[in-house]
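Biologist: Could you take me through this one, term by term? I would like to hear the cut-offs behind each label.

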Amino acid sequence: MFSHAQPAKVVSFLVGVVAILATLCPVTAARSVALADWQALLRLREELNFTNPQRSPKVYWRSRDNCNVIFGVSCDDQGRVVTLSLWGVTGPLPESIANLTALTSLWVGNNVTSIPSSLAQLSSTLSALFLGGNAISGSFPAAVTKLTALQELSLADNDLSGPLPPGIGKLPLLEMLRLDGNHLSGPIPSLISSLSALSYLSLASNDLSGAIPPQISALQALQYIDLRNNLLSGAIPPQIGNNYNLNWLYLSNNRLSGFIPASIGRIDRLRYMFLDSNVLSGLIPESVSTLSALVYLIASHNLLSGAIPPTIGQLPRLAFLSLSNNSLSGPLPATMGQLKHLQILDLSRNRLSGAIPDAFADKPALNSIDLSFNALTGPLPSSLSSCGSLYTLDVSSNALSGSPSTTVSAMPSLSYLNLSNNFFTGLVPRVVDSQQMVSYDISSNYFYGPGLVSDTTPLALPLCKTGFEPGTFSAAANCLVYGSATENSCPTRTGPMSTGDLLQVDAQRSEAACLSFCRTNITRTAANSQCGSLGTCVMEMTGSPPRPSYACECAKGAIRSADGQSCTAIEG
C-alpha cells in the first residue's frame, strides 16, 4: 500500500543528466581534448559495444577540437577528460578505461557485464562511479575496494553475489553507497562503521543475513539507511538512537525480532520509518511521540501488542500511519484527532475495541481509513462526513451498530466503501456520486427498506451505477426488500434497470431474523424516525404491491404517527 521512497535513484539519475548536459551545452570557450585522452577515447570507441551503434560514440566521436560538444564527455581547463557518461553499452567494460587518468566521474549503462581490474589505477582520481542497472555478475569487484577517492558508488540492480568484502570499509571518503537489487549474502561487515563520511546507505533487496551491526551507530553523517528485503535477524540495535541525523530508516521485510528500541525517539530528524513485515513484538514505545519530523510510521505485519499510545497524537507532521496485522488492543486514542496532516490510517487486523472516536473533523487531507477486522463497537462517527477527500473507508468485520447512512451520504469523494459484517441498521447508505464508486459492500448487516431505486424514492443510489466488477458490489445478508426490475428504474436514465444493476435478491436474511434483531437490538428514537421508549420495532406489510417495512408498535398510552415511524404519548 505504501511506496518506499528512494531519493538516491533520483539523485543518481540527476547526476547523470547533469553530466550529460554539461557535455551537450557548452558554457565555456571551446577547448581541445588533450591528445593522450583523445587517443584513449578513440581506443574505447573501438573496444566498446553498443546496443545501437548508430547512436553511439562510434558515430559521434569524430573530432577533439571542442570538448564541449563531444557526446558523453566533459573536460577540465587543461582539456583532460574528467567525466564520461555512456548509455547503451553492452558487454565488458574495457581495461583501457584506465587510460583516462584524470577521470573523476564514470557513468556507464545499461548492459555492462564486468568491471576491469585496471579500474583500480584510478584510485587517486575517481570520485563517482555509477554502474547501476547493468548485468555485472559474480563476486563484489575487488578493483572497486581500491578506489580510495570514491565519494559516490552505485552498483545497484546488477547480479552481484557472495559476501560484502571487508574492504568496503576502506573507502574513507565515501558518502553514498548503493548496492541494492543484487544477490549479496552473508552479514553486513562491521567495518562499514569506518565509513565516517557516509550519508546514504542502501543494501536493500539482497540476501544479507545476520544482525544489523551495532557499530552502524558510528556513522554520524548517515541520513538514509535502507536494509529492507533481506534476511536480517535479531534485534534492532538500540545504538541506532545515536544516528541523530537519520531522515530515512527502512528495515521492512526482514526477520527482525525483539522490541522497537525506545532510543529510536532520540532521532528527532527522522521522517520515514518503515519497520513492517518483521517479527517485532512488545509495545510501541512512548518515545516515538518525540519524533516531531515523522511523516511515515509503518510497522504493519509484526507481533506488536498492547495499546496504541495516546501520545501518538503529538506527531504534528504524521501523514501515513499503518499498524495493521499486529496484536494491538484497547481503544483507538482520541488524540488521533490532533493529527491534522493525516492522509492514510490503517489499523486493520488487530484486536482494537471500544468506539471509534469522533475525532475526524478538520482532516482535509485524509483519503483512506481501514479499521477492518477488529472488535470496535458503537456508531460510525459523524465527523467522518467532514472528510472531503476520503476515498476509501473500510470498517468491515467489527461490531459497529447504528445507522451510518447520513454520515456516508455526506462524503463527496468516496469510491471504496466496506461496511460488511457489522450490526449496522437503517436505510441502505447512499453516496454522493454513484458513478465514481469502485467497490461497495454493505453485506451481513441489518439494513432495511427497499433495496432498489425507484423514480420517487432513490433509497439506494449506488444501484444506479453500471459496470461494477464481479465481487465489488454486495448487499447480501441484510433485511432489504425487493421489487421487480420492471417497476423500478434509476432517476438518471429512462427504462427499467437490467439484472446487472440489481443487488442479488436471493441472499437476504430471513424475515424472522430481521424482526428479531429489530425488536432486541435497535434503540429507536423519534429524532431519527424510530420508536423511542414508547414503542417496539415491528415489521409490517405495507404499500402496493405489499412489502415488509419497519414500523412502531406503540405501547399502551401512546399513539403511532401517520407514517408509522414514531410514537407519541396520549395527553391526559
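**A buried asparagine and its surroundings**

Modeller: At 8% relative accessibility, Asn254 counts as buried. Buried means under 20% relative accessible area, exposed over 50%, and partly exposed in between, with a 1.4 Å probe and protein chains only.

Biologist: Before we go on, what kind of model is this?

Modeller: This is a predicted model, where local features need pLDDT of at least 70, side-chain atom pairs count only at pLDDT 80 or more, and totals for chains, interfaces and linings use all residues. Residues are numbered from 1 along each chain as its sequence is written, and side-chain values use heavy atoms, with hydrogens and water left out.

Biologist: Thanks! Where does Asn254 lie?

Modeller: Asn254 lies in the loop between strand 15 and strand 16 (255-258). Strands (E, at least two residues) are DSSP runs, numbered from the N terminus.

Biologist: Is Asn243 buried or exposed?

Modeller: Buried, because its relative accessible area is 1%. Asn243 is placed in the loop between strand 14 (231-235) and strand 15. A polar atom of its side chain lies 3.2 Å from the backbone oxygen of Leu219.

**Rings and charges**

Biologist: How many aromatic pairs does a search of the whole structure find?

Modeller: The search finds 13.

Biologist: Why is the pair of Trp248 and Tyr272 called stacked?

Modeller: Rings of Phe, Tyr and Trp (its six-membered ring) pair if their centres lie within 6.5 Å; planes under 30 degrees apart count as stacked, over 60 as edge-to-face and the rest as tilted. For Trp248 and Tyr272 the values are 5.9 Å centre to centre and 10 degrees between the planes, hence stacked. This pair links distant parts of the chain, with Trp248 in strand 15 (residues 248-250) and Tyr272 in strand 17 (residues 272-274), 24 residues apart. Trp248 counts as buried at 16% relative accessibility, and Tyr272 is buried too, at 14%.

Biologist: And what makes Phe424 and Phe447 a stacked pair?

Modeller: Their ring centres are 6.3 Å apart and their planes stand at 25 degrees, so the pair is stacked. Phe424 has a relative accessibility of 0% and counts as buried; Phe447 is buried as well, with 0%.

Biologist: How do you know that the charged end of Arg349 sits over the ring of Phe373?

Modeller: That label asks for NZ of Lys or CZ of Arg within 6 Å of the ring centre and within 35 degrees of the ring normal. The charged end of Arg349 sits over the Phe373 ring, 3.9 Å from its centre. Likewise, the charged end of Arg228 sits over the ring of Tyr250, 5.2 Å from its centre. Tyr250 belongs to a cluster linked by ring pairs, with Tyr200, Tyr224 and Phe320 among its members.

Conventions: Helices (H or I, at least four residues) and strands (E, at least two) are DSSP runs, numbered from the N terminus. A polar contact is a pair of N or O atoms within 3.5 Å; within protein, one must be able to donate a hydrogen and the other to accept it, and residues adjacent in sequence count only if both atoms are side-chain atoms.
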